[in-house]
Amino acid sequence: MLTLTLFLLQVVYASGCGAPAVKPDIDRVVNGEDARPHSWPWQISLQVKHGSRYHHTCGGTLVAPRWVLTAGHCIWPGDVYRVVLGEHDMSQQEGTEQTRDILRIVVHPEWDIDRVSDGNDLALLKLDKSPIMTDSISVACLPEPEEILPHGSRCFISGWGNLYTHGPMPDRLQQALLPVVEHSVCSRSDWWGINVKPTMICAGGDAVSGCNGDSGGPLNCLGEDGKWYVHGVTSFVSNRSCNEVKKPTVFTRTSAFTEWLSDVMLHY
């Protein structure tokens, strides 16, 4: 059963969550490719200010009208950030973009940049005001507490991360099919071993993966109700290569943190 707070959040914040007006193209995806424009309308670009300009640094997910979910490692004290919603092609103004300043940043209290494998790689960003919901901007659904996806579940990563290790960053939003790798497999000694905790979820590892710049973005998984749920927040890949054998992309499992997410969004 959903906790009362999560239920209230879903009723108040996420009416119509996980139902994009533009359906993502998920039938022919094998490796990473351009996403259908605005088919992941909860995907945001987290941008950091350098000098007088902002640059993409991480992805994130709109999970409520004023709340964006991203990774704790995307946030550095003293840096100035903004959120761009409704983005697809960063090389041009498409007229669908909305930019919001960040009113408050709440990093998970147990996140430690020096101990990434301990987990808790989460942060919530409260926007200064809600975006106007359009066909290009809407919220994703959150899974039920402790929901565990079965091995092989078809999920999709989306983001503007490097196309390959040390490769270029694309202008257009990318998507890729990353099947879920269950914890009993991902935690084997020749896979991620003890670096993967039960509060994480592994996906991919076969010719495609997340990469630098995808951090904080969603692992999008289609529920039985036909809605899209963000089951993971992109956390880390191998430090040798974005796409290393038996080293699938590791995400923070959102269903392990529903109580914390609910508490922050209700009380901040």
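Is the disulfide of Cys 58 and Cys 74 left-handed or right-handed, and what is the torsion about its S-S bond? The torsion is about -90°, so that one is left-handed.

Quick caveats. What we have here is a predicted model, where local features need pLDDT of at least 70, side-chain atom pairs count only at pLDDT 80 or more, and totals for chains, interfaces and linings use all residues. Residues are numbered from 1 along each chain as its sequence is written, and side-chain values use heavy atoms, with hydrogens and water left out.

Okay, disulfides, meaning a pair of cysteine sulfur atoms within 2.5 Å. Searching the whole structure turns up four, and I'll go through some of them.

Back to Cys 58 and Cys 74: S to S is 2.1 Å. Cys 58 sits in strand 3 (residues 53–64), while Cys 74 is in the loop between strand 4 (67–70) and strand 5 (81–85), 16 residues apart. Helices (H or I, at least four residues) and strands (E, at least two) are DSSP runs, numbered from the N terminus. Cys 58 counts as buried at 4% relative accessibility, and Cys 74 does at 3%; buried is under 20% relative accessible area, with a 1.4 Å probe and protein chains only.

Next, Cys 155 and Cys 221, with sulfurs 2.1 Å apart. This link is right-handed, with 115° about the S-S bond. Cys 155 is in strand 8 (residues 154–159) and Cys 221 in strand 11 (residues 218–222), so the pair ties together parts 66 residues apart in sequence.

Then there's Cys 186 to Cys 202, left-handed at about -85°. Cys 186 is buried at 0%, and Cys 202 is buried at 2%.

Methods
Buried < 20%, exposed > 50% of the residue type's maximum accessible area, 1.4 Å probe, protein only.
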